[in-house]
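We will go from one selection to the next and say what to look for at each stop.

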Amino acid sequence: MKIALAQINPTVGDFSGNAQKILDFASKAADQHAELVMFPELSICGYPPADLLEKPSFIARAEETALQIAEATGKVGIAILCGSVAANHVSTGKHVANTALFMAGGAILFRQEKMLLPFYDVFDEQRYFEPARWQRVFDFGNERLAITICEDAWNDKAFWEARRYAIDPVDELMREGASLILNISASPYWRGKRRTRESMLAAIASRHKTPVLMVNQVGGNDSLIFDGTSLAFNAQGDLVGQARSFDEDLLVIDTQVLQPEVHSTFPGLDAGTYNALVIGVRDYVCKCGFSKAVIGLSGGIDSALVAAIAVDALGKDNVLTVGMPSPYSSPGSIADSEHLAANLGVRYELLKIGSIFSEYTSTLAPLFEGHESDTTEENLQSRIRGALLMAISNKLGALVLTTGNKSEMATGYCTLYGDMVGALAVIGDVVKTNVYRLCHYLNRDREVIPLAIIQKPPSAELRPGQVDTDSLPPYDMLDPIIEAYVERYETPEAIAQESGIALELVRSVVKLVERSEYKRQQAAPVLKVTPKSFGMGRRFPIAVKVQV
């Protein structure tokens with residue numbers, strides 16, 4: 001049997017657009033003589049739909065669209081397996097189910113609800129969905145199909161040291177004599193996830209001695225990025241099919257022959273992270289109904305990286321960069337920003353804020369009499385820049401992209417209503433040392449980020465001679481602490497022992513992290529590229545006393 005993996009980029013709530021995309025890819029698969037085409041989890045309504053699932057009209061529209069797609073299978077001449085949300089008609093439990101629909105000949109022939117509902121990190125599925133009460137194989141052609149939905153395949157007892165669930169749906173389906181394991185997924189990206197996913201699915205195929213085909217969603221939806229990279233394995237666990245990463249794709253697999261067909265991906269962690277951020281920016285801006293972005297260039301490495309990502313995501317004609325030097329900005333920062341803009345081919349405007357800063361300070365002088373200058377005046381400069389960027393955004397209809405990195409967000413080395421102003425925190429899940437790695441990746445063939453920007457000591461330039469290490473440890477010490485504490489929840493004692501960093505320094509960083517929660521909860525959405533990012537997958541109270 002020829003089965004096509006249709007790796008598509010759906011938009012949440014765009015029922016007509018998603019349906020058209022499904023039918024277009026089904027037609028292409030039929031042209032390649034496929035008998036069945038698979039689409040990702042919840043591809044009819046888009047993933048994740050979140051509290052839209054609480055609206056009866058949303059569920060009704062999903063079911064109506066599913067029937068329309070099913071009816072079209074009679075004309076397209078190919079069976080379709082796709083994900084959607086469906087009403088749960090049982091009198092108890094949640095009112096909807098995460099469902100895989102098998103359609104052919106103009107009708108829905110089979111439904112399989114998702115059994116394992118993740119409720120960790122960014123996942124909230126137990127909040128909305130009723131889990132499946134049964135698993136059954138479905139006979140189609142000469143195959144007995146084990147149809148699973150994403151997490152249903154993530155509980156293999158031979159692969160994971162510690163399992164989240166007592167049940168393994170794949171095991172149950174194999175006991176019914178399945179000859180082919182199909183998995184429709186919306187599996188978000190993070191650094192290292194593609195390798196983990198491939199190893200896990202290969203282990204399932206090898207253990208059960210059964211081919212495994214997985215189709216994964218691609219694209220960005222709010223903070224989440226989906227890499228695609230759909231996969232196919234033979235019964236020995238060998239990779240025989242792989243779709244592209246970070247792009248829509250159609251991969252046709254002959255289950256009898258299983259000839260290798262591996263499409264191009266972006267190998268390596270840095271290449272994967274960079275391309276994830278590009279598609280995350282593109283989809284966030286475009287799916288929100290915009291086409292342009294504006295970025296404040298400081299002459300530093302963070303804003304340089306964000307500008308480069310924006311250009312690759314939206315095109316140079318859709319990116320406006322703005323320099324806003326204060327009395328403490330170095331001439332080199334302006335020159336470096338101009339050099340960067342020339343390298344990227346983007347428009348660069350210079351708005352000097354010295355006179356505005358003077359007006360602010362003179363206006364506040366009577367109230368501040370008797371108080372020394374401190375971070376208040378530093379933050380004023382940042383907030384002036386934020387106000388100017390938002391004015392440009394309002395006037396030109398361009399979204400502001402914030403330029404703060406994860407190290408800054410973790411420690412609170414950022415200004416509310418200043419450099420935190422914007423619609424999307426592009427590199428808010430990238431620690432500073434990885435910012436440098438990504439810039440070196442960008443410069444692998446030619447100079448995109450000027451070397452002067454990469455080589456200069458990091459500085460906010462809000463007071464004379466300021467550098468980041470005035471307030472923070474060196475980033476090669478700070479970032480391992482942040483990754484251990486924020487991403488892995490390690491204790492300060494364990495971090496100090498593992499890293500060799502002084503315990504008091506570790507504790508001082510942890511205190512900064514804990515004190516800055518109120519800032520992070522007012523920040524723009526963060527594009528997630530690590531196992532634990534700030535935002536929807538990390539939920540902590542603000543008013544709390546934490547002992548460190």
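Start by selecting β19 and strand β20 (residues 424-425), which pair in the parallel sense over 2 bridges. Strands here are DSSP runs of E with at least two residues, helices are runs of H or I with at least four residues, and both are numbered from the N terminus. Two strands pair if DSSP finds at least two bridges between them. This is a predicted model, in which local features need pLDDT of at least 70 and side-chain atom pairs count only at pLDDT 80 or more, while totals for chains, interfaces and linings use all residues. Residues are numbered from 1 along each chain as its sequence is written, and side-chain values use heavy atoms, with hydrogens and water left out.

**Stop 1: around β19**

Show the side chains of L401 and L424: L401 stands opposite L424 in β20.

Buried means under 20% relative accessible area, exposed means over 50%, and partly exposed lies in between (1.4 Å probe, protein chains only). In a regular strand the side chains alternate between the two faces of the sheet.

**Stop 2: the six-strand sheet**

Next, select the open sheet of 6 strands, with the order β5-β4-β3-β2-β1-β14 and mixed pairing. Its edge strands are β5 (107-113) and β14 (249-254), each pairing on one side only. From one strand to the next, the twist averages 30 degrees. Angles run from 0 to 180 degrees between N-to-C directions, and axes are lines fitted to C-alpha atoms, for helices over the stretch in contact.

Zoom in on β1 (residues 2-7) and β2 (residues 36-38), which run parallel and are joined by 3 bridges. I3 has L36 of β2 as its bridge partner.

Helix α1 (residues 15-31) lies across β1, β2, β3 (79-87) and β14, and runs at about 40 degrees to β14. Helix α2 (residues 56-76) also packs on the sheet, touching β3, β4 (96-104) and β5, with its direction at about 160 degrees to that of β3. Contact means heavy atoms within 4.5 Å.

**Stop 3: down the axis of α2**

Color F58, I59, A62, T65, A66, I69, A70, A72 and T73, which are buried in α2. Looking down the axis of α2, you will find its buried residues within an arc of 165 degrees, so they line one face of the helix. The arc is that of the directions from the helix axis to the C-beta atoms. An α-helix has 3.6 residues a turn, so residues three or four places apart point the same way.

What covers the buried residues of α2? The cover includes α1, β3, β4 and β5. On the face turned away from the buried side, pick out the exposed residues P56, S57, L67, E71, G74 and K75. Just after α2, G77 takes a positive phi of about 80 degrees.

**Stop 4: backbone details**

Most residues other than glycine have a negative phi, and most peptide bonds are trans. Select Y47 and P48, which are joined by a cis peptide bond with omega of about 0 degrees. P48 sits in the loop between β2 and α2.

Then jump to T229, in the loop between β11 (224-227) and β12 (231-233). T229 is not a glycine, yet has a positive phi of about 50 degrees; this residue is buried, with a relative accessible area of 5%.

**Stop 5: the seven-strand sheet**

Finish the strands with an open sheet of 7, in the order β6-β7-β8-β9-β12-β13-β15, with mixed pairing. β6 (138-140) and β15 are the edge strands, each pairing on one side only. β6 pairs with β7 (residues 143-149) in the antiparallel sense over 3 bridges, and F140 stands opposite E143 in β7.

**Stop 6: cysteines**

How many disulfides does the structure hold? It holds 0 disulfides, a disulfide being a pair of cysteine sulfur atoms within 2.5 Å. For C288, the nearest cysteine sulfur is that of C286, 9.4 Å away. C288 counts as partly exposed, at 40% relative accessibility. C439 is buried at 0% relative accessibility, and its sulfur is 19 Å from the closest cysteine sulfur, in C414, too far for a bond.
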